[in-house]
Amino acid sequence: MTTNALRMDKPVEQSLLDSGVQGIIGKGIERIDGPLKVAGQATYSAEYDFPNLAYGFLVRATFPAGKISSIDAEGAKAMPGVVDVVVDLKTFIRNAQQGGETEAPTQGVKDVAYFGEPVAIVVAESYEIARDAAQLVAVRYEPAEGVFTFDDHVDDAIKPPPGSMPPYHSQGDLDAAMADAAFTIDNVWRTPSQNSAAMEPHASIALWDDDGLTLYGSLQMPSSDKQQLAKSLGERQSKVRIVARYIGGGFGSKLGISPDTVATAIAAKAVGRPVKTVMTRQQVFDATVRRSNTQQRFRLAADADGKLTGIGHETLCSNLPGEGYFEPAGQATQFLYGGENRIIKHDLVELNRTLSGSMRAPGEAVGLLAQENAMDELAEQIGIDPIELRRINDPAQDPQKDIPYSTRSLTRCLDAGAKAFGWEQRNRTPGAKREGDWLIGHGMAATTRTNMLQPSEAAVSIGPDGRALVETDMTDIGTGTYTILAQIAGEMLGLPIERVAVHLGDTKSPPGAGSGGSWGAGSSGSSVYLAAQALREKLAKAMGVEADDLTLKDGHAIAGNRRVAIGELVGDGITATGSIEPGKQEKETTQASYGAHFCEVKVHAVTGEVRVTRWHSTFEAGRILNQQTARSQCIGGIVFGIGTALTEEAVHDDRDGRIVNHDLVEYHVPVHADIPHMDIVFLDERDPHANPLHAKGIGELGIGGAGAAVTNAIYNATGVRVRDYPATLDKLLEGLPAV
Amino acid sequence: MHFTINGQPHQAEVDIRTTLLDLLREHLSLTGSKKGCDHGQCGACTVLVNGRRINSCLTLAVMHQDDEIVTIEGLGTPEKLHPLQAAFVKHDGFQCGYCTPGQICSAVGMLDEVEKGWPSHVSATLDDPDFTDDEIRERMSGNLCRCSAYPNIVDAIREVADAKQPAQAEAAE
Amino acid sequence: MKLFDYAKADSAEAAVREGADRDTKFIAGGTNLLDLMKLQVETPARLVDISRLPLNDIEEIEGGGVRIGALVPNSDLAADPIIRERYEVLSRALLAGASGQLRNKASTGGNLLQRTRCYYFYETAARCNKRVPGSGCDAQEGFNRILAILGTSEHCIATHPSDMAVAMRALDATIVTLGSDGERRRIPIGDFYRLPGDTPDVENVLRVGELITHVELPPAPAGRQTYRKVRDRASYAFALVSVAGIVAIEDGKISSAQLAFGGLGPMPWRDSAVENALIGRAPSDALFGEAADLLLRDAKGFGSNDFKIPLTRRTLIATLRELTA
């Protein structure tokens with residue numbers, strides 16, 4: 001098979017998507033998987049039926065730290081309908097794995113490290129029996145001392161290993177810059193633990209046969225998940241297949257395998273039957289992954305003109321003992337604004353709490369709260385418009401790496417957004433605009449999200465029927481992957497979208513990038529692009545012309561005065577593989593998407609209830625592959641930001657670290673009534689340094705800064721600065737007008 | 001036990017503890033109704049029982065042997081979508097799709113409630129409330145969407161509601 | 001969920017005969033009971049299904065009141081023309097609760113018997129005197145944002161989560177029951193709930209097997225009615241604080257005041273001292289502040305719910321302003 005491989009060492013100046021004439025790229029085309037989803041026919045991981053299927057239910061530790069001495073399962077096993085209670089203290093995984101890792105996560109559950117850790121699995125003939133029997137399993141243990149409170153242990157924080165960025169960076173002399181500055185900000189922000197709360201709970205169906213294990217799982221990155229699972233089980237990778245065709249949301253929580261994955265695989269082998277395990281919502285909170293709580297000291301130093309001379313961003317976050325992952329809150333701080341004296345630091349407090357890991361826009365989602373609140377505070381102190389402050393500090397090149405930005409449109413976004421929103425018309429005096437019982441405020445914030453490219457492969461074939469098939473183990477977690485890959489293939493091959501089929505989420509297909517880090521479209525899309533490019537060469541050859549002289553449209557190849565149906569040019573069918581990998585471009589340029597949020601809130605002057613009443617965002621993310629799905633992605637991110645600002649907090653009990661509000665009643669994700677109409681605009685842009693599509697990541701762009709825009713607006717409405725997220729009404733009461 | 005679902009008779013041997021949702025998903029292969037929380041906290045399991053929207057996770061199958069149950073599969077098929085299903089596709093009223101069947105079933109029930117003149121928490125008057133977008137938002141708040149297609153869902157429902165009741169839509173403006 | 005026996009009752013009389021056992025529960029809407037049974041917070045040995053009993057009517061009664069069947073779903077009650085017209089506070093309270101789907105299923109009788117949403121009540125691994133008498137209370141020194149500031153005891157700080165019941169308390173509803181011995185009781189809502197004291201597991205005065213068949217409302221009270229609910233998101237959340245208020249003014253003075261509160265106590269809260277302080281006096285912010293101080297005279301916060309004290313004060317004052325404007 002032909003493989004067309006590309007390493008992004010150089011910019012791809014010309015994208016074939018710009019010379020395609022099919023006219024489907026970029027358009028707001030309806031999702032091709034839409035009809036299946038709205039009809040309830042899309043199959044999520046728990047929705048495959050197999051003969052002799054048994055039901056698994058995870059047994060949890062109801063203590064936060066201790067050594068298991070025995071597990072008494074006799075009562076459960078005696079219950080009619082119970083097939084077995086499977087205990088494997090050595091092989092069960094302690095916690096979920098981080099995204100993209102190729103090793104097993106921390107394995108072994110004899111030493112329990114957090115409340116709710118799954119330590120056994122009941123297998124029964126029905127879900128009802130398994131759930132009931134799980135309550136009968138008695139886990140005996142010797143208690144161990146745990147560390148549960150964050151505030152009491154910040155002095156014990158350790159320097160974590162490098163993650164998506166180095167934990168520490170320092171340049172110049174920030175203390176001196178602060179001392180010399182005309183204006184300074186030095187405050188502490190706190191953000192709570194959060195949960196991705198994807199609507200589909202984590203679920204696994206495991207089947208063993210002569211070929212090995214097939215695991216139907218709700219997993220965002222099948223290729224690396226397969227490696228994690230194989231290593232956890234001690235199996236060869238070739239013996240493990242993962243299927244994840246439809247995923248009911250992930251937002252980071254399904255990047256790596258979770259305890260249900262391994263437990264279900266072990267259980268299915270033990271009982272010799274297919275086993276299905278669906279986590280309860282409470283188990284999702286307790287035993288998958290949270291975004292770490294953070295404590296962020298953010299400092300800004302500015303000269304008399306408002307030009308930044310220093311930035312300090314020191315973050316403390318938490319994780320389980322031995323897990324090095326830290327919330328990279330300083331990620332955007334590295335490049336969003338200038339200022340030559342800089343400190344960016346992340347330290348980790350080890351706690352007996354649920355694993356922390358990636359949740360939508362790890363880093364930016366909480367780091368930009370501090371940064372964009374701080375910028376708002378600084379603008380007020382200086383007495384200039386917050387947009388002007390950002391404009392002044394829009395650097396010509398990356399202030400840390402001294403390399404150029406690939407493209408950078410922050411100021412364009414700010415200006416266009418301000419105009420669309422009517423920013424100039426706002427009231428500038430905090431607390432001065434009131435309509436009845438409601439205080440009205442306006443706020444803005446910038447956003448950015450680092451653009452990443454991941455190795456990705458895809459196969460594209462054209463059959464004699466003139467239809468194309470795209471195959472990769474890439475996933476669509478709601479991001480629109482099915483649709484944009486069909487658009488890319490269709491544009492490249494001159495096929496109407498209904499003549500392109502896309503098969504995703506099966507590790508039998510070439511390894512895709514997986515869904516995470518906003519890299520999905522750019523990475524997997526590029527692999528489809530490269531495969532299609534190779535097919536264009538083949539079609540050109542069949543037409544006897546150079547590829548450049550070939551026009552592909554509506555299922556026909558056109559060259560000179562000849563127009564031939566594509567199906568007639570492919571014999572029994574042609575296939576090519578595309579393969580992209582990151583190269584020098586990511587070192588030579590700083591790549592990121594940008595945006596600006598503007599919002600209006602009303603705050604009830606009596607009760608402190610906050611309602612977001614109006615929203616506008618302007619974004620730039622390179623080529624927009626599908627206006628409609630891109631808009632939806634951005635809205636989704638913004639709403640995450642609104643939830644972060646106003647309602648979302650996974651509360652840990654200080655006595656045992658467990659998440660007290662581990663359900664959707666008391667962990668408050670926004671509901672319909674919390675969200676207004678959203679006005680979203682994309683600026684046209686191409687980024688040839690990013691990938692051949694010239695597109696940059698968009699899935700996490702919306703969340704960054706969105707929460708800060710809300711709290712900046714709350715300040716404008718009330719005069720209350722909330723730096724302790726979320727801004728629930730109790731934090732506003734004291735600053736509201738007397739009743 | 002006998003059930004009537006989407007107009008078809010069904011028979012299943014189920015545990016007395018089986019919820020209507022688990023009956024559909026685990027026994028009748030009607031997996032369109034989703035389990036997001038199993039406690040009435042998300043709305044993904046919404047189905048129509050005797051024309052009313054309810055959370056199928058919080059009711060026992062055994063209690064519904066005489067009822068007319070309609071699930072997302074009974075509203076339309078990919079080839080022949082119900083107007084709300086089509087409007088959800090058109091307006092991108094979903095992303096991952098997991099809450100979607102519940103949103104759509106809920107919207108069907110909700111529009112029927114509006115037709116009956118039922119007020120909501122945001123109705124300015126309890127008597128003959130206007131059907132504004134805020135009414136849609138409030139009335140659909142029992143259906144969480146973590147992908148947050150909320151604004152698009154409102155657009156989709158608005159379009160179908162307006163097509164259904166042009167007079168009322170005008171009144172709302 | 002533990003296994004249970006299941007029986008369908010075809011009459012109220014049959015139901016109470018079937019239900020005359022401590023481990024038996026009636027199931028109607030099931031929206032709270034099944035929720036708790038899944039977690040084994042509730043583990044009845046037997047369920048008597050009363051959902052098909054003919055207790056679905058809302059009818060006017062002699063003397064001008066209304067009798068509501070215990071199985072009337074919350075939605076139907078909220079939308080009923082008589083309730084909408086004469087008992088707006090009840091309609092509004094119902095519409096402020098839960099979601100459209102839940103209101104379609106939840107029954108009038110069941111709503112009165114909702115269990116608390118205390119995080120530690122719901123977690124079987126936590127200590128909770130309400131769930132396991134004598135085990136202790138993890139809420140008092142734990143996270144208690146949604147819990148009570150009034151009527152608590154050293155054994156329990158749970159709140160009653162209903163909105164509907166708050167309005168009914170303000171309306172002086174009467175709860176009509178049928179006992180397993182066939183006896184009918186008429187229990188004023190003010191006598192229906194019990195403070196936790198040292199038996200927080202006992203939440204009301206219902207006897208074993210006693211079934212709520214109806215709720216009666218007295219004739220619609222004079223004055224304006226409102227239900228103000230403050231919560232953590234715009235919809236689909238339990239009350240942090242709520243006020244059901246009915247206030248009438250004659251000759252510039254408050255002639256009657258009926259005020260009940262949600263989110264504050266172990267039962268829908270009502271305090272006659274507050275109402276008495278208002279009656280006969282001209283509305284003013286000073287008066288409202290006085291009333292709020294009276295309401296909160298014994299209020300006690302437990303840390304994360306301390307804010308409820310100022311929030312209640314502010315909300316009550318604003319509600320009284322609205323009712324007397």
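Student: What does the domain assignment of chain C give?
Tutor: Two domains. Domain 1 of chain C covers 58–113 + 160–217, and domain 2 covers 224–324. Keep in mind that this is a predicted model.

Student: Okay, what confidence scores come with it, ipTM and pTM?
Tutor: ipTM is 0.98 and pTM is 0.98.

Student: And what is the mean pLDDT of chain C?
Tutor: It is 98 for chain C, with 100% of the residues at 70 or more.

Student: Back to those domains. How many Å separate the centres of domain 1 and domain 2 of chain C?
Tutor: 21 Å, taken over C-alpha atoms. Domain 1 of chain C puts 19 residues into the contact, and domain 2 of chain C puts in 20.

Student: Which elements give two or more residues on the domain 1 side?
Tutor: In chain C, helix H5 (88–95) and helix H9 (164–170) do. H9(C) has the largest share of that side, five residues.

Student: What's the class make-up of that domain 1 side in chain C?
Tutor: Eleven nonpolar, four polar and four charged residues on the side that touches domain 2 of chain C.

Student: Staying in chain C, how do the axes of H12 and H13 cross?
Tutor: Helix H12 (residues 285–295) and helix H13 (residues 308–324) of chain C cross at roughly 140 degrees, and their axes come within 9 Å.

Student: Why are H12(C) and H13(C) called oblique?
Tutor: Roughly antiparallel needs an angle over 145 degrees. The crossing here is roughly 140 degrees, so H12(C) and H13(C) are oblique to each other.

Student: Left-handed or right-handed, when H12(C) passes H13(C)?
Tutor: Right-handed for H12(C) and H13(C).

Student: Which residues meet there, between H12(C) and H13(C)?
Tutor: From H12(C), you have Asp285(C), Phe288(C), Gly289(C), Ala291(C), Ala292(C) and Leu295(C). Facing them from H13(C) are Thr312(C), Arg313(C), Leu316(C), Ile317(C), Leu320(C) and Arg321(C). By class, that contact of H12(C) with H13(C) divides into seven nonpolar, two polar and three charged.

Student: Switching to chain A. At what angle do H6 and H7 of chain A pack?
Tutor: About 50 degrees, for helix H6 (residues 222–233) and helix H7 (residues 259–271) of chain A. Their axes are 10 Å apart. That angle makes H6(A) oblique to H7(A). The crossing of H6(A) and H7(A) is right-handed.

Student: And which residues in H6(A) and H7(A) meet?
Tutor: Leu229(A), Ser232(A) and Leu233(A) on H6(A) meet Thr261(A), Val262(A) and Ala265(A) on H7(A). The contact of H6(A) with H7(A) has four nonpolar, two polar and no charged residues.

Student: Now chain B. How is chain B divided?
Tutor: Into domain 1 (2–75) and domain 2 (83–172). The centres of these chain B domains lie 22 Å apart over C-alpha atoms. 16 residues from domain 1 of chain B and 15 residues from domain 2 of chain B form the contact.

Student: Which elements give two or more residues to the domain 1 side in chain B?
Tutor: Strand S3 (46–49), strand S4 (52–55) and helix H2 (72–75) of chain B. S3(B) has the largest share of that side, three residues. The residues on that domain 1 side of chain B split into seven nonpolar, six polar and three charged.

Student: Between chains, then. How many residues of chain B are in contact with chain C?
Tutor: 29 residues of chain B, against 26 residues of chain C. S4, helix H4 (100–115) and helix H5 (133–139) of chain B each give two or more residues to that side. S4(B) gives the most, four residues. The chain B side that touches chain C has ten nonpolar, eleven polar and eight charged residues.

Student: And how many residues of chain B and chain A are in contact?
Tutor: 48 residues of chain B and 48 residues of chain A. Elements of chain B that supply at least two residues there include helix H1 (20–27), helix H3 (83–90) and helix H6 (150–164). H3(B) has the largest share of that side, four residues.

Student: What classes are on the chain B side that touches chain A?
Tutor: 20 nonpolar, 16 polar and twelve charged residues on that side of chain B.

How values were computed. Residues numbered from 1 in each chain as written. Chains lettered and ligands numbered in written order. Predicted model: local features only at pLDDT ≥ 70, side-chain atom pairs only at ≥ 80, totals over all residues. Domains from an automatic or database assignment. Contact = placed C-beta atoms within 7 Å. Nonpolar A, V, L, I, M, F, W, Y, C, P; charged D, E, K, R; others polar. Axes fitted to C-alpha atoms, helices over the stretch in contact; angles between N-to-C directions. Parallel < 35°, antiparallel > 145°, perpendicular 65-115°, else oblique. Left-handed = near helix turned anticlockwise from the far one by under 90°. pLDDT = per-residue confidence, 0-100.
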